[in-house]
Amino acid sequence: MDRIRTNRPASLKMFDFSDTDSGISYESTEDEIEINTPTYSVSLMDPIEAVMKPENLLEKFVEVGGRRYLNDNTLKYYLPSDQKEVKRTYDRYFIDKIMWGGNYSAPVSDNLSLGASVLDIGCGAGAWIMNMALDYPVSIFVGIDIAPLFPENHPPNAAFLKCNIMDGLPFPDNTFDFVRQAFVIVCMNWQAWKEKVVKELIRVTKPGGYIEIMEVCREDINPGIICQKIDAYLLEHLRKAGINTASGPDVIKAFNEFENEVIVAPMEERPYYFGKKAGRIGEATLKCILEAYKGIKIILTHIMGITEKECEQMLIDFEKECNEVTLCKTRYRAIIQKRLDAYNG
Ligand SMILES: C[S@@+](CC[C@H](N)C(=O)[O-])C[C@H]1O[C@@H](n2cnc3c(N)ncnc32)[C@H](O)[C@@H]1O
């Protein structure tokens, strides 16, 4: 197995591999991977602060209403980190693959077949990496995420690292042929992503290599009354937290700021329809969003000022509404190539 090499000194602390065996060796010798220890805040996610107990203060995760959440209010990450969420992200992965006719849009297939190094930022439970690693056995896939929900058994050409992207990426300049990031912008402060992460994505990409970003594109199309009500509260809450909930054009602008280093392709969009009228894929897409809303039930009740029971009823009504009025949300893929003559200054 190849090692990821860097000229930087390794620090003493290792990534916490408690939930996974990475398949890659990380001994602290001088020329191997630099380790950024993840920082965990002792404070709490604001919406569930009221139910937190002092004994949870130093825990990385907290259990609320039978679901497990990251216990870190420095992150704007509200979805659960548990097995139910793992299942949901795998379901969503297959929906995305069908909707886009493949796992990626960047022109990287030849490179992947010959053997490329690939990084997935905010990889979650690793659905994309697991599938790509099997499709391209001579390429190497690395997934990073702050929440270690990584699969215990994975192909030998896949590795997972726990780290906070806000601390920078623990890789040398020009390491990866392909860097991809999906549905992470919608979980973090936009200003921080724009100012810190964009530079890091470009830095770790090889000259001539590609970056691909997939996210929610724009406001909903044809939302019913319940959908509008949920959006009004939820999107307002996320915006107040500094999250960009429809980042498509802004992502293009953010990369265009680095026009000496990258070439930005026109953004591609796909409409995702929700509900029975959109066939089996519409049903699956609706199921996925319902699971996500159930996962943030504690936040919905908090921001909408409703009880848990009222929230459950609202989600039942939302499902009925989507089966009658076909809601559409658009997702985009932005493809960025690092210039061959790009200089990492
Ligand atoms: C909505 S999930 C998307 C997961 C995966 N990319 C997918 O498409 O299924 C967002 C992921 O970003 C991760 N994340 C959020 N903030 C992060 C940070 N600061 N550093 C690293 N990962 C982060 C979360 O833990 C979560 O797994």
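Modeller: Two residues are in contact if their C-beta atoms, placed from the backbone, lie within 7 Å. Keep that cut-off in mind for helix H8. This is a predicted model.

H8 covers residues 297-304. Three of its residues, Ile 298, Ile 299 and Leu 300, are buried. What covers them? The cover includes strand S1 (61-64), H7 and helix H9 (308-324). Just after H8 comes Gly 305, with a positive phi of about 65°.

Now take H7, part of that cover. H7 runs over residues 279-295. Its axis and the axis of H1 come within 10 Å. They cross at roughly 145°, and the crossing is left-handed. From H1, the contact takes in Glu 85, Arg 88, Asp 91, Arg 92, Ile 95 and Ile 98. From H7, it takes in Ile 281, Ala 284, Thr 285, Cys 288, Glu 291, Ala 292 and Gly 295. By type, the residues of this contact are six nonpolar, two polar and five charged. An α-helix has 3.6 residues a turn, so residues three or four places apart point the same way.

H1 leads on to the ligand. This helix, residues 83-100, gives the largest share of the shell around the ligand, three residues. The shell holds 21 residues. The closest are Gly 122, Gly 124, Ile 146, Ala 147 and Ile 165. Of the shell residues, 15 are nonpolar, four polar and two charged.

Phe 183 sits in the loop between strand S6 (176-182) and helix H4 (190-204). Is Phe 183 buried or partly exposed? It counts as partly exposed because it has 17 C-beta neighbours inside 10 Å, and a buried residue needs 20 or more. Setting aside neighbours within four places in sequence, Phe 183 is in contact with Met 214 and Glu 215.

Another helix, H5, also has a glycine after it. Gly 242 follows H5 and has a positive phi, near 80°. H5 itself has 16 residues, 225-240. At 1.5 Å a residue H5 should span 22 Å, so the 23 Å between its end C-alpha atoms agrees.

Last, the whole protein. It has nine helices and ten strands. Of its 345 residues, 38% count as buried. Among contacts between residues at least 6 apart in sequence, 71% join residues at least 24 apart.

How values were computed: Residues are numbered from 1 along each chain as its sequence is written. This is a predicted model: local features need pLDDT of at least 70, side-chain atom pairs count only at pLDDT 80 or more; totals for chains, interfaces and linings use all residues. Helices (H or I, at least four residues) and strands (E, at least two) are DSSP runs, numbered from the N terminus. The expected span of a helix is 1.5 Å times one less than its number of residues. A residue is near a molecule or strand if its C-beta atom, placed from the backbone, lies within 6 Å of it. Ala, Val, Leu, Ile, Met, Phe, Trp, Tyr, Cys and Pro count as nonpolar, Asp, Glu, Lys and Arg as charged, and the others, Gly among them, as polar. Axes are lines fitted to C-alpha atoms, for helices over the stretch in contact, and angles run from 0 to 180 degrees between N-to-C directions. A crossing is left-handed if the near helix is turned anticlockwise from the far one by less than a right angle, and right-handed if clockwise. A residue is buried if 20 or more other C-beta atoms lie within 10 Å of its own, exposed if 12 or fewer, and partly exposed in between; C-beta atoms are placed from the backbone.
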